[in-house]
Amino acid sequence: MRPTRRRASRREALAAYGLVSPWLIGFLGLTVGPMIASLVMSLTDYGLVNPEATRFVGADNYREALTGDPLVWQALRVTTYYVALSVVLELALGFGLAVLLNVGLRGVGVVRTVYYLPAVVSGVAVSLLWLLIFQPSSGLANAVLEVLGIDGVDWVYSTTWVIPAFVLMSVWGVGRAAFIYLAILQRIPTNLYEAAAVDGVGSFRRFARITLPLATPAIFLNLVLAVIGKFQIFTEAFVISEGGPGTSSLFYILYLYRVAFRYFRVGYASALAWLLFAVLLVLTTVAFRTSRHWVYYEGERR
Amino acid sequence: MSPLSRRQVLARSLLLAPALALPNLLAACTKTSEDSAGTGASTSDAKKVTTQILVGFGTGNAPAQVPAQVDLAKAFEATTPGSSVEFLRIPDTDEAQRKFGVLLASGDAPDVVLPTGLFGISLYLDQNVWLDLSALMSASGISLDLFEPGVRDAARGVNYFGAGSKKVIGIPAGIFTHAVAYNKDLFAKAGLAEPPHEWDTPDWNYDKLVEVASALTLDDKGRTPTQPGFDPTNIKQFGLGHWDTGVMTLGHGGKAYEPGAKKLSLDSPEYIAGVQAGADLVNKHHVLASDELAAGVAAGADDPQLAAWKSGKVAMIDMCACDLLSFGVDNSFQWDVAAWPRGPKRLISHLNVDFGSVVAKSKGQAQAWELLRFLLVNPQNGRTLSSKGYGAMSPLRSETGTFVDELKGRFPDVDLSVFVKALPYSANEQEVWYPAFTEIGDMGSQFLDTVKQGKSTAAEQLPKYQEAAQKKFDEWFKTHTLPTA
């Protein structure tokens, strides 16, 4: 390469870096920087109120979280229970909804918009709405059950029903997953269905042998996003139950928040955040490792 | 001018991009102007010393309360050349506490927190957040003897600093006693005598309270809880609502913490009896509207207890003097206040105390102290601020009685003297500091929620609470020492 062209190429590279610098500066300053800071803090007893008294405590915070704080395990249990139920429900209902939305019916555009609305509505407003729905004596949920001849339950005021109530609430946001499914469903070539129909394949087998396998990349994406997102449930619990009754809805992030902003133990809260990061890393790695056995990409040979 | 080539556009953008990014970064790292809403006091004059007051740890943010605070702040500015006062208002208490923590951490703490309840004082007591005002008070010739006896120990933080300590971490700013507010119309309709206005009236005790409340509780068919066929799942009118069952624990002789003993007593027979009695009001006697039940009779409201009272479907409530401007106004029925009933061991009613405290990290401590002195120690200002600024009784001994005069125009048919006469029977034992204050307090719901719901008993849960809390308590002592130790 001639020197003038090399110089021009370098200038162009510099210009490109310059153009991405707003994002880059923000990413380094507002994401990577705080992450490193929180990692350092997790090794100290950094307190929000008196940071000047901070001492290096090594792995004490991690040790306390894993062996000396029963609420960490309770929070993990509660969160895992919620994640398991809500992820399965979101994947199944989201997929079902996408299949329905994929049918070219009149007015389906309006329905799609309606289903996506929850994604743009404030979490606090939605939580307050659900709180009214779950009121034992005056809420809509028990009124519907009564019409069906079923005795109402105490929903968010019950240690048994509070997590199922949050799971039902999570269905509210299923439209987001449905849209990812919908995008991939609309890319499935129609000639595959036509060929199957010519061969006399029934609609259920067409769904099981064509639609489902070709939708697995979207299922995989939704699975990973849902697990990461559901583990971080906070707003609903903060507004509706504050972790109660007792600790039956003490979700992990809610407890982390409490440690940082009620007990002012930012060092310990940072350790809790990194432990959650480790849990999510393991789960995501497992998902990626197993994906080669059940996720199919168009044109891929096995 | 010739058009720019693609390369020239890139090169010029290179210069422009960081310039665009920089303001965003600076905006993210800089305190917003919204943080200092309030009087609009200017801080642009470099010669002025600005004292910032955080209002958010309790009362003080209702629109009707703001003008009195602003007027007194302006009066201070007028009498103190070179001073300015700025209000940082955060209406939600939890949000105020969160923001206060962040401001402390960022080195941008307000100078004064006013008012702050004893709970707010206790949250930060062992973290050296509050400035010890004793030296400034001595230099000004001011003593805590100016204030009601019931607030002095709280101002000195005796549980932490020790009974013999001379430290003072807050100047009393307002006191709120409690009384039983009752719906006169419901009492008349039921043909019941109204509860006594005099404190310590014989036979006005917890048993009598349950008896009266029971006669005022009705299901959808108009049956009371003592009548056959009463349906506890369909109560349309409650004898009690918005009730402080914690005080009933004290009335049974329960005491959570003995200063100096380094031991909690959450499993004492008295404490267990008190907690169970509170839960029984809901689950056994069916006379008290819990928040869920209150929501049932007054659906769709932000504060179901307030809505239930205002709907005329609750006969008696625990009314703090601080509730007068919410529970006491715009009612469509006649109401009045009576004394709290006596418990099996004590006659005790809850006392809310508000303080003005200087933040130890304040860079303008001297002026902050002068401001507190102007607002809270000067009798006329103290009376005005407590009554008009916070809806409270003045904690100054010389001014306590003026509470009735200040409010009787607003509540001509209410026997406000009940609140003043409550003072000898009122104490704040539920909010005083003890080690691991917040964590042990939060832990309570883990054990007590099922008791409140009637799914478990206090005798089952409180020993477990005691064990868990004592463990946390002991851990605190491993890493902390009391100043007196």
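Me: How many helices and strands does chain B have?
Reply: This is a predicted model. Both element types occur in chain B. The count is 19 helices and 15 strands.

Me: What percentage of the residues of chain B count as buried?
Reply: Chain B has 485 residues. A residue counts as buried under 20% relative accessible area. The buried share is 52%.

Me: Is H10(A) roughly parallel or antiparallel to H13(A)?
Reply: Helix H10 (residues 203-231) and helix H13 (residues 266-294) of chain A have axes that come within 10 Å. The axes cross at roughly 170°. Angles over 145 degrees count as roughly antiparallel. So H10(A) is, relative to H13(A), roughly antiparallel.

Me: Which residues in H13(A) meet H10(A)?
Reply: The H10(A) side includes Thr216(A), Ile219(A), Phe220(A) and Leu223(A). Also on that side are Val224(A), Val227(A), Ile228(A) and Phe231(A). In H13(A) they meet Leu276(A), Val279(A), Leu280(A), Leu283(A), Thr284(A), Ala287(A), Phe288(A), Ser291(A) and Trp294(A).

Me: Why is helix H12 of chain A largely enclosed by the rest of the structure?
Reply: H12(A) spans residues 252-261. Among its buried residues are Tyr252(A), Leu256(A) and Arg258(A).

Me: Is Ser241(A) buried or exposed?
Reply: Ser241(A) lies in the loop between H11 and H12 of chain A. Not counting residues up to four places away in sequence, Ser241(A) touches Val162(A), Phe166(A), Glu236(A) and Ser249(A). Its relative accessibility is 12%, so Ser241(A) counts as buried.

Me: What is omega for the peptide bond that joins Gly244(A) and Pro245(A)?
Reply: Pro245(A) is found in the loop between H11 and H12 of chain A. The bond between Gly244(A) and Pro245(A) is cis. Its omega is about -5°.

Me: Where is Pro115(B)?
Reply: The peptide bond from Leu114(B) to Pro115(B) is cis, with omega near -5°. Pro115(B) belongs to a strand of chain B, S3 (residues 112-117).

Me: How far apart in space are Val377(B) and Leu407(B), C-alpha to C-alpha?
Reply: Val377(B) sits in helix H14 (residues 365-377) of chain B. At 11% relative accessibility, Val377(B) counts as buried. In sequence, Val377(B) and Leu407(B) are 30 residues apart. In space, the separation is 21 Å.

Me: Is Asp203(B) buried or exposed?
Reply: Asp203(B) lies in the loop between helix H8 (184-190) and helix H9 (206-215) of chain B. Its phi is positive, about 75°, although Asp203(B) is not a glycine. The relative accessible area is 64%, so Asp203(B) is exposed.

Me: What area does the nonpolar surface patch with Val20(A) have?
Reply: Val20(A) lies in helix H1 (residues 3-41) of chain A. At 39% relative accessibility, Val20(A) counts as partly exposed. Other patch members include Tyr17(A), Trp23(A) and Phe27(A). The patch area is about 700 Å².

Definitions and conventions:
Residues numbered from 1 in each chain as written. Chains lettered and ligands numbered in written order. Predicted model: local features only at pLDDT ≥ 70, side-chain atom pairs only at ≥ 80, totals over all residues. Heavy atoms only, no water. Patch = residues over 30% accessible without salt bridge, like charges linked within 9 Å, V, L, I, M, F, W, Y side chains within 5 Å. Areas by Shrake-Rupley, 256 points an atom, 1.4 Å probe, with all protein chains shown as cover. Salt bridge = Lys/Arg side-chain N within 4 Å of Asp/Glu carboxyl O. Helix = DSSP H or I, 4+ residues; strand = E, 2+ residues; numbered from the N terminus. Buried < 20%, exposed > 50% of the residue type's maximum accessible area, 1.4 Å probe, protein only. Axes fitted to C-alpha atoms, helices over the stretch in contact; angles between N-to-C directions. Parallel < 35°, antiparallel > 145°, perpendicular 65-115°, else oblique. Contact = heavy atoms within 4.5 Å.
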